[in-house]
Amino acid sequence: MNPFISFILLPLLMLSACRSEQPNSSAPSPSSPTPAAVQSPPKSDGNALTIKGSDTMVHLVSSWAEQYMKVSPTAQLSVTGGGSGTGFAALINGTTDICAASRPIQAKEVSQAKEKGITPKEIAVARDAIVVIVHPKNPLTALTMQQTGDIFTGKFTLWDQVGGAKKAIIPLSRESSSGTYVFFQEHVLKKADYTVYARLMPGTSAMAQSVAADETSIGYTGLGYALEMKDSVKMLSIKKDEAALAVVPSEETVASGAYPISRELYFYTNGEPGETSKPFIAFCLSETGQQIVRETGYVAVH
Amino acid sequence: MNELGFSDKAMRLLLLGAASMSILIVLLIFLFLGKEAIPFAEKPGLLALLDSRWIPVSFQQPRFGLLPLLAGSTLITVLATIFTVPLSICGAMYIADLASPLEREILKPFIEILAAIPSVVLGFFGLLVVAPFIKELFHLPSGLSALTGAVLLALMAVPTVISISEDAIRSVPLAYKKASLALGASQLQTMLRVTVPAALPGIVAAVMLGMGRIIGETMVVLMVTGNAGIITWQPAESVRTMTATIAAEMGEVPFGSVHYSALFWVGLVLLLITFGLNVIAQRVLKKYGMMQ
């Protein structure tokens, strides 16, 4: 028997066995339940604060929580992921103080909240942008959203179809387990499937590495990472439509909302933030808080 | 060997327990894989596994066809075997028959070191050295291809195949060789017409075990093959193997979803293939009395 197989499968089985014990299995992931602090039930004492929601934001919110607890040592924060939907459900059920969400609340969720006497209040805390990258030797400088989508759905297979050289395009995507994959699919591919010829890269660095190596490839990555890699890959400007101006991806254009492939990341509270959540949210929006946003690869809101 | 016997019963039991552990584990793995895979057979049905596309995450219709993954694993395994076999057999022939004791003392440890290189490290090497080299050599648009994966997997399989083939060649009775040489055959003729044919079953088994290693390898293929789920027989194309699919997707898949049980089907198919290869190899070895 090949022992290798047993080695990969056994931990996987154990992993799944552990996960099945979690009550919230709507979108669990190994990284999502990241308690940033000692777990304590919500509202048990004045300084406990729970933040639940988006998996995309877990790393960011944990970093905030860590720094916040250094400034304000009496605070007890617990941060968990599970997905934006899980976060909204928890807010509506009153099991979390703050819901972290990478999408705005849906009308359905607002009415569910109203039935329970909860008024969700939205606070934008950071921005997340995805940059389309190509090899530095690629003569192209800009694409429209439509063209970018058509390249990744496989409608365009040659660079000259979008104004480049007569060479085959190698589309590079992230693996389907990535949040970026889904966000890009929803916003740029307009929910269509990726072409089967798209090569799926196991990580952001593998993506940047391949784009830097292969002259005819095109990929995408978060803005923070693209800026770090700007010497070896070229960031394309994006036009919202044919008539619009091409927008260079940068912290400024993302913050102003001009760059089209970006989304806001939110906190939702029940009504105005309470006594414990208010100082934490203020910390997140402060200069220090927004510096953490930049350090974790996102874009500040101001 | 049994006459030696172990007087210490406790020791005997302990060893028996350790030896039978693997049987228990294999059975348990089959059982658990099957258990997690069953829901898929009920809901989308097993026919869904015959789809020509593997698109597990989709806003349209998720598709869970195993065919591109099977094709990817097959292409890589066939290519890697083609690279492995001549290299290993030549190497084994030299070490078993021609090498001086000093040469053997240098060659064998290095072959073992090659076997011991962690596959992630080999993957890095592949990504940074082999992929760009293959890209240049064949003027490909990208070095992330089935060919690159196969070259690296061949590197991983060669030590296994050399070691077992060498044992097989050395276990050919000396009388065969002496008789052949006495009849006036040259050393080369003796090797090709007498020694290697006599050792052939062992070599075949070695190759099958090597193939088992190739098909089950994960990290290298995940890193260097590009992972595009297309059905192709072109070595220059990107392919997605069964192992890479499980490794890339299992971490974030919603527990209990259709995608989750589809991944267990991938695992089950993979396990059956490696199991089959191993069983065949063992039987060949046993039939020709070469079981070590």
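1. S142(B) sits in the loop that connects α4 (119-138) and α5 (146-170) of chain B; helices (H or I, at least four residues) and strands (E, at least two) are DSSP runs, numbered from the N terminus. The model is predicted, so that local features need pLDDT of at least 70 and side-chain atom pairs count only at pLDDT 80 or more, while totals for chains, interfaces and linings use all residues. Residues are numbered from 1 along each chain as its sequence is written, chains are lettered from A and ligands numbered from 1 in the order in which they are written, and side-chain values use heavy atoms, with hydrogens and water left out.

2. S142(B) is buried because its relative accessibility is 3% (buried: under 20% relative accessible area; exposed: over 50%; partly exposed in between; 1.4 Å probe, protein chains only). Its side chain forms a polar contact of 3.3 Å with that of R199(A) (a pair of N or O atoms within 3.5 Å; within protein, one must be able to donate a hydrogen and the other to accept it, and residues adjacent in sequence count only if both atoms are side-chain atoms). A polar atom of the S142(B) side chain also lies 3.1 Å from the backbone nitrogen of L144(B). Beyond neighbours within four places in sequence, S142(B) has contacts (heavy atoms within 4.5 Å) with I170(A), R199(A), D214(A) and K135(B).

3. The second largest pocket has a volume of about 320 Å³. A pocket is an open set of points on a 1 Å grid over the protein atoms alone, with protein on both sides within 12 Å along at least five of seven lines; lining residues have an atom within 4 Å of a point. Grid points are joined across faces, edges and corners, and a volume is the space filled by probe spheres set on the points. Of the 19 lining residues, I169(A), I170(A), Y197(A), R199(A) and E237(B) lie nearest the centre.

4. Helix α3 (residues 84-92) of chain A is mostly covered, with seven of its nine residues buried. Among these are F88(A), L91(A) and I92(A). The cover over the buried residues includes β1 (48-53), β3 (98-101), α4 (107-115), β4 (120-134) and β12 (262-270) of chain A. G94(A), which follows α3(A), has a positive phi, near 75 degrees.

5. Over all chains there are zero disulfides (pairs of cysteine sulfur atoms within 2.5 Å). The sulfur of C284(A) is too far for a bond, because the closest cysteine sulfur, in C99(A), is 14 Å away. C284(A) counts as buried, at 0% relative accessibility.

Terms used. On a 1 Å grid over the protein atoms alone, a cavity is a set of points where a 1.4 Å probe fits but cannot get out, and a pocket is an open set with protein on both sides within 12 Å along at least five of seven lines; lining residues have an atom within 4 Å of a point.
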